[in-house]
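Biologist: Could you walk me through reading charged side-chain pairs in a model like this one?

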Amino acid sequence: MNDVTGMPQQAVVLGGGSEIGRHVLAALARRRLRRVLLVGPNEDSLSATAAHLEPLGTEAATLELDLVEPDATERVVAEARARLGQVDLVLVAAGRLGTADLDALD
């Protein structure tokens, strides 16, 4: 549930191991974010984000998952319900860069 100032307290971050996700979460953690589910394809980067948030007072769980998998949406929803209950914010910081072949097109 958002706190009395309207700030989210529980969030799901798709791309939770990304640099942009980490920086946005750090700002939210300083403003009362308490629990987060970090979702992404690389456990090492998810764990690094979780470790970054711990001293800021935010509890982070991780879910190693490539979002292009057919059942990804269902898995994220199930994990979010199990670990967080209510979700105040979903942050999408995930994406795929194009290939070098696209740069060659004119």
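Predicted model: local features only at pLDDT ≥ 70, side-chain atom pairs only at ≥ 80, totals over all residues.

Biologist: How many salt bridges does a search of the whole structure find?

Modeller: The rule first: a side-chain nitrogen of Lys or Arg has to sit within 4 Å of a carboxyl oxygen of Asp or Glu. Searching the whole structure that way gives three.

Biologist: Which residue does E19 pair with?

Modeller: With R22, at 3.1 Å between the closest N and O atoms. Both belong to helix α1 (residues 19-29), three residues apart, about one turn of the helix. Helices here are DSSP runs (H or I, at least four residues), numbered from the N terminus.

Biologist: Is R22 buried or exposed?

Modeller: The scale uses relative accessible area: buried is under 20%, exposed over 50%, partly exposed in between (1.4 Å probe, protein chains only). R22 is buried because its value is 15%, whereas E19, at 48%, is partly exposed.

Biologist: What about R83 and E79?

Modeller: Their side chains form a salt bridge at 2.6 Å, N to O. The two are four residues apart in helix α3 (residues 72-84), about one turn of the helix. R83 is partly exposed at 38%, and E79 is partly exposed at 25%.

Biologist: And which residue does R75 bridge to?

Modeller: E69, with the closest N and O atoms 3.6 Å apart. R75 has a relative accessible area of 33%, so it counts as partly exposed; E69 is partly exposed, at 33%.

Methods. Residues numbered from 1 in each chain as written. Heavy atoms only, no water.
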